[in-house]
Amino acid sequence: MKDKAAIYTSILFFGIGHVFTWMNINAQFRWEYWSRRPILSCCLYAIPAMLSFWYGTRLAYGPLNGAWGARLLGFAASYFVFPAMTYFFLGESAFEPKTLACIVLSFCIVAIQLFWK
């Protein structure tokens with residue numbers, strides 16, 4: 001049970017990291033303010049993003065038996081965050097065949113990491 005809690009908490013940290021990363025990279029397309037301030041954007045968003053990824057990886061490393069499991073879980077977590085934020089802030093839909101296939105595969109990656117023993 002402790003391992004599952006660590007994995008779920010790592011998914012939360014990865015999600016937070018992806019929110020900060022999305023804002024760092026894509027806020028420039030939504031708000032004019034950020035299009036002229038790349039250094040400020042990096043300073044404001046990159047440090048919390050990296051800390052979130054660091055803690056997410058730390059928590060996932062043991063229960064997922066190494067760096068590969070933690071990395072793939074972090075990658076898959078991006079598909080929970082990116083489509084929602086891109087739709088909400090930029091109005092771009094995730095309901096394109098190629099995008100939907102990637103999202104389904106990401107859910108499969110998460111399921112494998114959580115349930116495959």
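Helix α3 (residues 38-61) comprises 24 residues and spans 32 Å from its first C-alpha to its last, close to the 34 Å expected at 1.5 Å a residue. The expected span is 1.5 Å times one less than the number of residues, and helices are DSSP runs of H or I with at least four residues, numbered from the N terminus. The model is predicted: local features need pLDDT of at least 70 and side-chain atom pairs count only at pLDDT 80 or more, whereas totals for chains, interfaces and linings use all residues. Residues are numbered from 1 along each chain as its sequence is written, and side-chain values use heavy atoms, with hydrogens and water left out.

Shortly before the proline P48, α3 has a kink of about 30° at A46; the bend at a residue is the angle between axes fitted to the seven residues ending there and the seven starting there.

Across the whole structure, 11 aromatic pairs are found, a pair being rings of Phe, Tyr and Trp (its six-membered ring) with centres within 6.5 Å. The F75 and Y79 ring centres lie 5.7 Å apart with planes at 75°, so this pair is edge-to-face (over 60 degrees; under 30 is stacked and the rest tilted). F75 and Y79 are four residues apart in helix α4, which means a separation of about one helical turn. One aromatic cluster is formed by F20, Y33, W34 and Y45.

Notes:
Helices (H or I, at least four residues) and strands (E, at least two) are DSSP runs, numbered from the N terminus.
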